[in-house]
Amino acid sequence: MLNRVVLVGRLTKDPELRYTQNGAAVATFTLAVNRTFTNQSGEREADFINCVTWRRQAENVANFLKKGSLAGVDGRLQTRNYENQQGQRVFVTEVQAESVQFLEPKAGGTNQNPGTYNQGGQQNNQYQYNNNQQQYNQNQEDPFKNDGQPIDISDDDLPF
């Protein structure tokens, strides 16, 4: 079985951070995701998709994202139901975000480090932001950079 969702959109409001009775952080937010086509009047419509993330990632989402922030979400669809105060059964479908990627720097500051946070809360940064400009991290030197010299590879080093 396959249950995978990948979304890119903007938050419709600030994330809501709460804690369970066991102390686990949970953040909920809604992404507005543009449709790829326009309607009959030529306007582009959007879908508003509820997302949930847990633990350290939830705290990071609440700290670094706000209304209007561009974010990428990788996760899975999940459906749940409950009985409301009127006794009616309510069904809810939402994305359980396993990874949330911050797709633009935090506005109004310098040396911000947007990046991807996985479910365990570790940050996976490929880029540093300095004075709101994207610069490649110089600590990661490209070993395959073409410097004009021939590469000496023996047949024993080839995987085939």
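Predicted model: local features only at pLDDT ≥ 70, side-chain atom pairs only at ≥ 80, totals over all residues.
**Overall fold**

The protein chain contains one helix and 10 strands. Along the sequence these elements follow the order β-β-β-β-α-β-β-β-β-β-β. Of the 160 residues in the chain, 26% are buried. When contacts between residues at least 6 apart in sequence are considered, 49% of them join residues at least 24 apart.

The helix α1 covers residues 55–64 and includes Arg55. The phi angle of Arg55 is near 60°, which is a positive value in a residue other than glycine.

In soluble globular proteins, nonpolar side chains tend to be buried together. In this model the largest nonpolar core has 15 residues, and those with the most contacts inside it are Leu7, Phe29, Leu31, Leu65, Val73 and Val100. Two or more core residues come from each of the elements β1 (5–11), β3, β5 (70–83) and β6 (89–102). Strand β6 gives the largest share, four residues.

Leu7 is in contact with Leu31, Val33, Ile49, Cys51, Ala71, Gly72, Val73 and Val95, leaving aside neighbours within four places in sequence. Two of these partners, Leu31 and Val73, are also listed among the core residues with the most contacts.

**Largest pocket**

The largest pocket has a volume of about 250 Å³. Its lining consists of 17 residues, and Arg18, Thr28, Cys51, Val52 and Glu94 lie nearest the centre. At least two lining residues are supplied by each of β2 (16–19), β3, β4 (44–54) and β6. By residue type, the lining divides into six nonpolar, five polar and six charged residues. Cys51, one of the residues nearest the pocket centre, is also a contact partner of Leu7.

**Individual residues**

| Residue | Relative accessibility | Class |
|---|---|---|
| Thr30 | 13% | buried |
| Val8 | 46% | partly exposed |
| Ser69 | 10% | buried |

Thr30 is part of strand β3, which runs over residues 25–38. Thr30 counts as buried because its relative accessibility, 13%, is under the 20% limit. The Thr30 side chain makes a polar contact with the side chain of Asn50 at 2.9 Å. Beyond residues up to four places away in sequence, Thr30 touches Arg10, Leu11, Thr12, Phe48, Ile49 and Asn50.

Val8 lies in strand β1. Apart from neighbours within four places in sequence, Val8 is in contact with Val33, Leu70, Ala71, Gly72 and Leu103. The C-alpha atoms of Val8 and Asn34 are 8.7 Å apart, although the two residues are separated by 26 residues along the chain. Val33, Ala71 and Gly72, which contact Val8, are also among the partners of Leu7.

Ser69 sits in the loop between α1 and β5. With a relative accessibility of 10%, Ser69 is buried. The side chain of Ser69 reaches the backbone oxygen of Lys66 at 3.0 Å. Its contacts, leaving aside neighbours within four places in sequence, are with Gly9, Arg10, Leu11 and Glu104.

Notes. Residues numbered from 1 in each chain as written. Heavy atoms only, no water. Buried < 20%, exposed > 50% of the residue type's maximum accessible area, 1.4 Å probe, protein only. Polar contact = N/O pair within 3.5 Å; in protein donor to acceptor, adjacent residues only side chain to side chain. Contact = heavy atoms within 4.5 Å. Core = buried A, V, L, I, M, F, W, Y, C linked by side-chain atoms within 4.5 Å. 1 Å grid on protein atoms, 1.4 Å probe; cavity = no way out; pocket = protein on both sides within 12 Å on 5 of 7 lines; lining within 4 Å. Points joined across faces, edges and corners; volume = space filled by probe spheres on them. Nonpolar A, V, L, I, M, F, W, Y, C, P; charged D, E, K, R; others polar.
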